[in-house]
Amino acid sequence: MFYFFLIIILSIVFNELIIKKNFLLDNTHFSKHKKFTISSLRIPFSAGIFLILFITLFNQDFNLFSLFLIIIIFLSGLLSDILKSFSPLLRLLIQIFASYLFITSNEIFIVNTRINSLDILFTNYQYLSIIFTIFCIIVLINGSNFIDGVNINALGYYIVIYSIIFYICKINNFVINFDFLIKLILFLLFLLILNIYNKTQLGDGGSYLLAFFSAVSLIKLANDNSYISPYFIILLLWYPCFENLFSIIRKIYQNKKVSEADNLHLHQLIFIFLKKKGLSSINNLTGLFIVIYNAIIFLISIPYMNDTKIILTIITLNVLLYICLYNKLASDLLKKDNSNRN
């Protein structure tokens, strides 16, 4: 634990140093989906740097080449944080290429969907499994970046996921590195505290890193423990994934560029709603509201983690609730804008 506490102390010192030196501070005009909620605050996107150091020091599941690919994923996001001109298409290509090398070198594929015909296809034509696995990882990476627009939302969400994983693995004696998992949860809690007090944020780099590492870790967990329904893993990751897919569909419907960031994600609409209510600390409150909701859903789902039908029903209800809430909040915002114009 000595090195664990050492990296926390070094993170605190380094974070204060970069704030004092105006280094790695968020230029909010770079990310429209983050600019809206953090306003004039300039928060360093240092959490990703601390997280990559933590994973490099404490991870025991992946070799040096795999760590190199994880770092590449992180750097593609960090460059996006720093350089406004860094192409979204180039970032996507880097994510795809690094994901391909990672899953093929570690043989981490989605092979069990509990749909017999699809499982047979994945078994007989491995390239289909590779394509599907990469698609799922990319959706999660970019969706996690979207939900990082308010404090607590991304970090809190993944803390809940890893806490759920720890619990179900402990009570069922599933194969997992408990020592690393405990350290990871504690380290994410440390970053969350800094995030709550506007001392750090994940940024694109941290969001990409946390999502990618979580994706491959959860796929590996599901492959090693067949009792867990693959749809329970989907449930754990449903929010950032659906946020991304819904955003793509929404932008296509609105004739907008899919790659262009905006401030019309669900957490931003909730932020506006809470702001109209005159509540304080709405940045933290918005993220907390979403995290608590998902935590409750995950806890309810634990007894049914092997029951595909029930888990699919819960996923469907979550998606329907998301759509209804989004339409309600978006409609109210549109009415307000029209009334202001008139």
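Me: How many aromatic pairs does the count come to in this structure?

Reply: The count comes to 28 aromatic pairs, where rings of Phe, Tyr and Trp (its six-membered ring) pair if their centres lie within 6.5 Å, and planes under 30 degrees apart count as stacked, over 60 as edge-to-face and the rest as tilted. One of them is the tilted pair of Trp 238 and Tyr 239, with 6.1 Å from centre to centre and 55° between the planes. This is a predicted model, in which local features need pLDDT of at least 70 and side-chain atom pairs count only at pLDDT 80 or more, while totals for chains, interfaces and linings use all residues. Residues are numbered from 1 along each chain as its sequence is written, and side-chain values use heavy atoms, with hydrogens and water left out.

Me: Why is the pair of Trp 238 and Phe 242 tilted?

Reply: A pair of aromatic rings is described by the distance of the centres and the angle of the planes. The centres of Trp 238 and Phe 242 are 6.4 Å apart and their planes stand at 35°, so this pair is tilted.

Me: How are helix 8 and helix 12 oriented to each other?

Reply: Two packed helices are described by the angle between their axes and the distance between the axes. The axes of helix 8 (residues 153-172) and helix 12 come within 10 Å and cross at roughly 135°. Helix 8 and helix 12 are therefore oblique to each other, since angles under 35 degrees count as roughly parallel, over 145 as roughly antiparallel, 65 to 115 as roughly perpendicular and the rest as oblique. The contact (heavy atoms within 4.5 Å) is made by Asn 153, Tyr 157 and Tyr 158 of helix 8 with Trp 238, Tyr 239 and Pro 240 of helix 12.

Technical notes
Axes are lines fitted to C-alpha atoms, for helices over the stretch in contact, and angles run from 0 to 180 degrees between N-to-C directions. Helices (H or I, at least four residues) and strands (E, at least two) are DSSP runs, numbered from the N terminus.
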